[in-house]
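Thank you for coming. I would like to walk you through one structure this morning, part by part, so please keep the view open while I talk.

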Amino acid sequence: MNIVIDQGNTFSKIALFENNMLLSSYVLKEPDMTDIQSLLTEYKPYYGILGSVGNIQADVLVFLKEHLKQFFIPDKNTLLPVKINYRTPETLGIDRLAGVIGAQEKAPGKNILVIDAGTAVTYDFLDSSGEYPGGNISPGIQMRFKALNAYTQQLPLINELGDLPEIGYNTETAIRSGVINGIIYEMDTYINKYKQSFPDLFVFLTGGDSIHFEGKLKNSIFAENNLVLEGLNRILNYNVKA
C-alpha cells in the first residue's frame, strides 16, 4: 500500500494505491497532520512519496518519515524510469516529470505530450525511447485573469464561470473568451507543432483546470485527472527497496 501526495501551488491531492490500483483520492487546500494521521490510520500504507512545488509543513514530513517503512521526497538524484536530458534538473518541477512518467505507463514506447492545466499550463514531451528533453510553461487561467486586472487601470477581475462566446460582447466576456479561448488555441497550436515531427503523438490532458478544455480542443486527447499521482506512484515503486 502506497500513500502518494502531490502538493501543488493551489491545491494538494492525496491518493492511496495498492498494486498500482488507485483506491481513493482526496483534494485538499493543504494537507495537515489531521488529514495525514487519519489516512495512515485507515489505510496503513507501508510506503509514501511527496512531490511538492511549494513549501512543505515540517510536522507532516516528520510524521510521514516516522510512520512509513520508506518515505521519499523526489529530487534530482531520485532514480527514474525515464532518461532526463533537461539542462537544469535541479529546477525541474516533480509534477512535470511525474506527468510524463504516468503517461508513459499508459502509452509505453510512444511519443507523448502531457498538457497540465493548473496554476500554470505546462507542456512536457517524452519521446518513444523514454527520453525527456523538457517542455514549456505558460500562465494558467487564474494567473491570466489576475494579470489583466493588476496591470491595467480599468479591466475587472473576473472568473471562468459564465458565457464564453467566440467574440466577446462586453468587457467580461471579452476577458473570459480571450483567456480561455486563448489557452485553447495555444494548446491546439502546440499539439499541431509536435505532430509535424511526431505524427503518432499521444496527447494527455490533466490538471485542475483541464475541465475547461476537454471537448473544446480540435485535436484528439486523453483526459487523465490523476496522471501526476499515478506518475508519483510509479516513481515510488521504482525506488522502493524491500
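Predicted model: local features only at pLDDT ≥ 70, side-chain atom pairs only at ≥ 80, totals over all residues.

Strand β4 and strand β5, which covers residues 70-72, run parallel and are joined by three bridges, where strands, as I use the word, are DSSP runs of E with at least two residues, helices are runs of H or I with at least four, both are numbered from the N terminus, and two strands count as paired if DSSP finds at least two bridges between them. Within that pairing, I49 stands opposite F72 in β5. Residues are numbered from 1 along each chain as its sequence is written, and side-chain values use heavy atoms, with hydrogens and water left out.

Let me stay with β4. Five of the six residues of β4 are buried, so the strand is mostly covered, where buried means under 20% relative accessible area, exposed means over 50%, and partly exposed lies in between, with a 1.4 Å probe and protein chains only. Together, β4, helix α2 (residues 58-67) and β5 make a right-handed β-α-β unit, right-handed in the sense that, with the strands pointing away from the viewer, the path from the first strand over the helix to the second runs clockwise.

Stepping back to the whole sheet, in what order do its five strands lie? The order is β3-β2-β1-β4-β5, in an open sheet whose pairing is mixed. At the edges are β3 and β5, each of which pairs on one side only, and from one strand to the next the twist averages 15 degrees. The antiparallel part includes β2 and β3, which pair over seven bridges, with I14 having Y26 in β3 as its bridge partner. Helix α6 lies across β1, β2, β3, β4 and β5 and runs at about 130 degrees to β1; contact here means heavy atoms within 4.5 Å, and the axes are lines fitted to C-alpha atoms, for helices over the stretch in contact, with angles from 0 to 180 degrees between N-to-C directions.

Two loop residues deserve a look. N19, in the loop between β2 (12-18) and β3 (21-28), has a phi near 55 degrees, a positive value in a residue other than glycine, and at 74% relative accessibility N19 counts as exposed. K44 sits in the loop between α1 (33-43) and β4 (47-52), its phi is likewise positive, near 55 degrees, and at 57% relative accessibility K44 is exposed.

Now to the charged pairs. How many salt bridges does the structure hold? There are five, a salt bridge being a side-chain nitrogen of Lys or Arg within 4 Å of a carboxyl oxygen of Asp or Glu. One of them joins K106 and E224, with the closest N and O atoms 3.8 Å apart; because K106 lies in helix α3 (residues 94-106) and E224 in the loop between β12 (222-223) and α6 (227-239), the pair ties together parts that are 118 residues apart in sequence. K106, at 39%, is partly exposed, and E224, at 22%, is partly exposed too.

Another salt bridge links E186 and R144, at 3.1 Å from N to O, and since E186 belongs to helix α5 (residues 171-197) and R144 to helix α4 (residues 141-150), parts 42 residues apart in sequence are tied together. E186 is buried at 18%, and R144 is buried at 17%. Within α5, E172 and R176 meet at 2.6 Å, N to O; being four residues apart in the helix, they are separated by about one helical turn. E172 is partly exposed at 39%, whereas R176 is buried at 1%.

I will finish with D124, which is in strand β8, residues 120-126, and is buried at 1% relative accessibility. Its side chain makes a polar contact of 2.5 Å with that of Y132. Among the residues that D124 touches, leaving aside those up to four places away in sequence, are R96, V100 and G134.

Methods: Polar contact = N/O pair within 3.5 Å; in protein donor to acceptor, adjacent residues only side chain to side chain.
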